[in-house]
Structure formats: C-alpha cells, structure tokens
Protein chains: 2
Amino acid sequence: MVLDTPEGYTRMDTASLADYLAGLPALRARLGGAPSAWQIREVGDGNLNQVFLVDGPDGSLCVKQSMPHIRAIESWRLTVERTSFENAYFAAVRPHVGGLIPTIHHYEPRLYCLVMEKLEPHTVLRRGLVAGNRYPRVARDTAEYVARATFFTSDLGQPLEAKLDGIARFAPNHGLIRITSDLVFTDPYRINERNRWTSPQLDAIAAEFRADVPLKLAAARRGQQFLSHAQALIHGDLHTGSLMVTPEDTRIIDPEFGFYGPIGMDLGAFTGNLLMSYLSQPGHATPESPRDDFAEWVLAQIPIFWNHFAQRFSELWETQPGGDAYAPSMFAAEPSRVAMRGERAAFIARLYDDMLGFAAVKMIRRILGFAHNIDFDAIADPDRRAPCEIATLRLARMMLVQPERVRTVDDLLAAAREAAPRAQPVSST
Amino acid sequence: MVLDTPEGYTRMDTASLADYLAGLPALRARLGGAPSAWQIREVGDGNLNQVFLVDGPDGSLCVKQSMPHIRAIESWRLTVERTSFENAYFAAVRPHVGGLIPTIHHYEPRLYCLVMEKLEPHTVLRRGLVAGNRYPRVARDTAEYVARATFFTSDLGQPLEAKLDGIARFAPNHGLIRITSDLVFTDPYRINERNRWTSPQLDAIAAEFRADVPLKLAAARRGQQFLSHAQALIHGDLHTGSLMVTPEDTRIIDPEFGFYGPIGMDLGAFTGNLLMSYLSQPGHATPESPRDDFAEWVLAQIPIFWNHFAQRFSELWETQPGGDAYAPSMFAAEPSRVAMRGERAAFIARLYDDMLGFAAVKMIRRILGFAHNIDFDAIADPDRRAPCEIATLRLARMMLVQPERVRTVDDLLAAAREAAPRAQPVSST
C-alpha cells in the first residue's frame, strides 16, 4: 500500500537513523564516539508511532517519528504531521511547566522526527502500576503540570491574542482530534468493527451499553464539549501511558493529541486511568502479592491529584491573572476580591464535574473500544479480567449518569471501593 | 499620524474608487456608462469603516473599505484586515443562508475592499425602528438566518475537520475580538476614558454598576464564555444596525466580527437591541405619535424571533445532522430518537439562557460604554433619554443576575413591560 507522504519523508530504521544523527554535529557530540558504536533499538509500544532509543559512549537520545498510518494498523491512515503538533505543544507549555517534560534536542519537520532526552531509568507509569510499584511524586507532579499547562494557556492566564494564535496553531490537528471523537465518544456506543472486548464475558454489558440511552446521551454531551469548549491548551491523551516516572521524577510525554479543549479532558484522563489501575489490581493479585495495600495506594493518588490541582489552579488565578476573562481591573476593590474566591471555587467545581465525565468515557473506551490498556490486558485469564472490566464499566456509568452520587472526591473513592471486584488470587480459583 | 498599512494599500476616496471600479470590466459593465457619469457618495455611519454607494446608468454597487484605525477615532488603531474576515464569513455562510445576505461581487485583498450589492430601497433596521416603522418579516427572517448560519457551522451540522478549518480561519480576527472583549464585557464595569453616559442623570447608576459585584461576576462569566465557547461561526455583532430591511426583505450585513463563538451571542445581540428599541420608544413618543402600539409591536418581535429560531434549529438538528456531536449512528433506535427530543430541548433551553445573558451585557455596553445606539441618542432631551436608559439598565441587570425571573420569553416580555418608563410626550413635559 502506497501512502502519501511529504516530499523528502522516509520512514526511519535503525540504520538510516544512525546516518541521520551522524549528520547533526550537536547530536553526534552528545552521543559520542563513532556511529558504528551507537546502539539503536526501536521500542515504541503505543498505538501510533515508532520510537527509537539511541545509546552512545557519551550519552543517549530518544527519537520519535510519526508514519502516515497508525503503528498498530498500516491500513489505518493518519496524517504524518502529528509529531509537529507534539513539538508545538511542548514549545507552548515549556515556559510554564519547566522540568516536567523531556528536553527537546531537535525537531526535523521533513521527517516528522522529534529528538529528545532519553528518560532513564524512567518507566511508563502504567507499566509500573501493573507491576505494583509506587511513585510518591506522580500525583502531585501531574496535578502541578495540568494546573500550570492549562491555566497559562486559558483566558485566565494569557491575553486573547495569544490564545487565538494557539487555537489557530492546533486547530489543524484533524487526524488525532478525529481519533478521539470517534474512539472515545462514539464507537464504544455503537456497532463498529474496530471495537473489541473480553468475549463472551462482556458481550451482555457491551450490548447493554449500546442500548443505554441516558449513558449514550451523557457520553455524547461530553463529546460535544470536547469539540466546542476551547478552554485551554490540553495534552489530550494524559493517561498513565503518557507519564514516564521514577520514584523521584515525573515527565509528561506524547502530547501529539494537543489542541484547545476542555481542561477536564486532561484531569479525567489521569483520574480515569488511576481508577482503571485500582479496579484491575484484583486481577493481578497473587497469594504472595495480594495487592490490597497497593490498590489503596493507587486510589489515594486521586485525592492527592485533584486537591493539589484545585489548590494550584486557584492560586495561579489569584496571583497571576494575565488573561482577558475576569479582568482584574473590574475586581480590584475588596468586596470583589472576596466574591472572586467564590467564583474561583465554582469554576473549580465545574472542572471536577468535567473530570468525572471525561474520566468515565475514557474508562469505557478502554474496555469496549479499539485501544485497550495493559492494566486489564495483562490479566491473562479472561475470567479474572472480566470482573475487573465490568466493575470499571459500572463505576464509569455511575459517574456519567448519576454524577450526584460522586459529588466529592471522597464519594468517588467510596464508589470505587464499592465497585471493586473481590481479589481472586490464582491459587484459590 | 502614520499608520502601518499593507504594501499597496491606499485609502479610497470617491475619485480613486471610480478609477478602481473602472478598471474592473465586470463591475464597470454593471454600473454602465462612463465613470464620469457615476455618482459616488460616502455614507458610512458605523464606528469602524468607510462605505461608498455607487450609482451608474445601468446599476449600482456598495463598496466597503476598512482603514488601519476605527472610523470614529483615528488614533484608535485597528487591523485593516477586518474586511477579509467579513468576506470569509459571507463565503462560509452563503451556502446555508441564501438570499439573506447581500450578493458579493468582488473582494480586493490589497485594498481590503468589499464590493457588493447596493441594497435599495433598504434601510438600516435600527433607523427604521427609531422612525416607528414596522417590518413584518424581520424577526422571522433573522431567526431563520441565525438558525441556519450557526447550525451548519456547529458540531451538529458539519464534520469536525470543517469546523476546525473554520476555527483556524477566524481565530486571527484579533482586533475585533479584542474590541468585543473590552467594550462589551469589561469597560462598562470599570473606570475607562472610552466610556460615556448621559450625565449627570446616569452618574449614580454607572457608579452603582461599577460596584455591583454580582452583576460584574455575571458579565465576566459571559465574557469568559464568549472567548472559550467555540460553538459555531457567529456573526458577532448582530444588532439592529447590522440588518438592512424593507417590509418585504431582510439582509444581514457587517459580519466583520465573525469568529467561532457562542450562538447565544448572536441571539442576544438581536434580542437585546429589540429590548433597547422597545424601552426607547417612550422617548420618541409625541402627542401625534404616542408609540404605544408600535412599542408593543417591537416587543412582539422577540417571541417571533426566539420561537422560530428554536423550532428551526431543532428541526435542522433532527433532519440534517451532519456533525460529529451526537453521532446519528449512536441514536438510531426508537428509544434514542425519543430521548433525543429531550436532549434537543435542553440544548435549546441553554441557548435561551445564553441569549438572555448576552442580550443584557449588550444593553449595558450601549448605555454605559463607548459605542451608543441612536435608539437612545436620537432622544435629544437628556431628561427624556435618561429614564429610558435607566429602565434598560435595570432590566439588563435582572436578566444577568436574576435570570430565574425571566425563565421564558413571556416572562421576559412581562419584565420589559414592567421596566418601561411612562411615555413623556413633549407637550406634557
């Protein structure tokens, strides 16, 4: 199959990548030695791109390249330009988020190739959580990241001219916005050949969801909000696979879905993926590692994340209002300043509602849609996996259709605990 | 003062415009005869641009040119590119709104000059309403226009790729979005040298509004929505000065403020200006023309406008869903179709709320801000004008701060009648 690619584009392999890097003096110097001494491995495990790790005698690099199709399915065409949006997103948020993103060394527009810091000894958060590892900083760091990246790109943090320029820059990100609109908000609720689920165990609930009108309306409402609420520059795919972590460090990667959308989409991606990790833990439990304490640790990250986000976003609004919404010159007198506290709290409360809704649709799409998570897929026995997935679907439905039952983050934790399937250690089944 | 203008730009006058049109064969033929036989008058009466009417032996034209400043104040710089957004807006909505906009004959990007149909014997609706004239079609035509122009550019009516392209096209309209953000949502609520009002009669209420925290918060909330709710391509300035009418015909003009924003902004502009016309009628009353019946006619246009808009938008959604929000494939079964009726009604109800809020801020800005309306300004006696303006401000405040008192369009009419000042015919004062 021949796909359109821009003039000069070639798909990299380990040999051509070595040649390419050898021609860039700064990168060559960073790696050190002769190109023949470099070790290059293709390690991409996402659905979309190829990713190379390059190790030289003096240093290392990570190279990400997009192809004119998705990595997982060659016949599924996708604009090769997506890496340019990743590069633009990193450039836009870098002044605000400092060391929470990788260092970008080079971007090659002809090859849609992003050369960045190789993060080591970092691991993908989702893999770490499947393995039962704790990362004490990740919830707070991610909260700080979302607060800063979204506040400073919202109408509260930047003048309208800068925001409109940002909107224009990311609006052409058609391909990935299309993927989200279809795969998150639409496909799981209709018959579509791209869908899959644990079958036959989930056949009944998948059919139930496709016929569940209140659920579908709630999901569609969130889909409409995703497309029309240009609230801030969002990462757009901030799940636990987009975080590289160590116990001491957190880095946000893979922002190729970035565009101006609702802040709750980023909040919900992280929270929804923590809930999936929590509800998948019984499926990973063994007699030696029952996972009860670890599951509680995962759940406890949600209030850390939400509370820190809410506090920091509100503080930034109070102390660094640089946008055109709620112009400070209208609210300078003391009575206004008191009232603005209530206004900020109401705004944050709406973000909580949005977080719930977007978390829920993201939980459902990972179980009934095209792209699944290793949280569940790594549970080899479908009869152990299915109860975890069904519990997740039931909790997600409540979050979408009965949000009044999870009005606070404590309510959400209680609902998650109640939803959780009993651990079924292998030896007892 | 020397202002930056693009290479090749010159400000037109009647002589240079004749030369320019003479060089364009199609336009020259349309006018007929020799350029020396053409009559050209500059008639612009808005705040921003110059407008020429050109009459030749065989036909006529209207030419609109933007300057690198606003028409009213030369020191107030404004991007000359604004006419390009007007041209782009007309091109975007033309397939949907047919004869409700003028025919565009030519656009000259070098001169930011738009050559269009001269509408005659049309008059500006606002002038007609000040004169006490009735236009039986205007409310229904404008409702049809807003329903079609916004539905087909929303996520309900067009695929996300087309909407994102539109968002990118209009996001650079910085200058006019800045004007709206400052003049509508901010300046009336703070001390600013651009503000003016009927003084001293309105000094007290202007100070009261600047100190009215609930009012300012409600206005700021609408300002934030204006900047972040990319719901559809909106006209952005759809007041009664942007409509050219005869009793038999309605045309929407002056969409240079066009961008992707909240639909309620267009609904509110028209409704708010009808309310201002209604509340100004006592100031225009004379013993010979008491205006009571006419004022009621003006008020009666609001339910015609709102009800026709609501019905048509809902019908378009039901019969021509072409967007990515609420994908029809999710809602094909009968129970979904019933539920979608409720969903559409809830969506329309939110548009009503938005209409109220945007109408109110537009009423306030025309009385306490920079740009005023002839509805009030044509009332020469400030002691007759002031009661009309104060009544308008009081009604607007209720619409913003106590919207539960005007939940239906009948409530709104009742509130307007209650707010109206008594007619004060000249002879009795």
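Two residues are said to be in contact if their C-beta atoms, placed from the backbone, lie within 7 Å. The model is a predicted one, in which local features need pLDDT of at least 70, side-chain atom pairs count only at pLDDT 80 or more, and totals for chains, interfaces and linings use all residues. Residues are numbered from 1 along each chain as its sequence is written, while chains are lettered from A and ligands numbered from 1 in the order in which they are written.

R82(A) belongs to helix α3 (residues 82–97) of chain A; helices (H or I, at least four residues) and strands (E, at least two) are DSSP runs, numbered from the N terminus. With 24 other C-beta atoms within 10 Å, R82(A) is buried (20 or more such atoms; exposed means 12 or fewer, and partly exposed lies in between, with C-beta atoms placed from the backbone). R82(A) and A349(A) are 267 residues apart in sequence, and their C-alpha atoms are 33 Å apart in space.

Turning to chain B, an open sheet is formed by three strands in the order β6-β8-β9, with antiparallel pairing (two strands pair if DSSP finds at least two bridges between them). The edges are taken by β6 (123–124) and β9 (249–252) of chain B, each with a single partner strand, so one side of each is left without a neighbour in the sheet. Four bridges join strand β8 (residues 243–246) of chain B to β9(B), and M244(B) stands opposite R251(B) in β9(B).

Helix α9 (residues 213–228) of chain B has 16 residues, of which 13 are buried, leaving the helix mostly covered.

How do the two chains meet? The contact takes 37 residues from chain A and 37 residues from chain B. On the side of chain A that touches chain B, α6 (160–170), α7 (174–185), α9 (213–228) and α12 (334–368) of chain A each supply at least two residues, and α9(A) gives the most, with eight residues. Moreover, 100% of the interface residues of chain A are also interface residues in chain B, so the copies meet through the same surface.

Chain A can be laid on chain B with an RMSD of 0.0 Å by a turn of 180 degrees and a shift of 0.0 Å along the axis (superposed by least squares on the C-alpha atoms of residues with pLDDT of at least 70 in both). This is the relation of a two-fold axis. In chain A, the C-alpha nearest the axis belongs to A168(A), 2.2 Å from it.

Definitions and conventions
Expected span 1.5 Å × (residues − 1).
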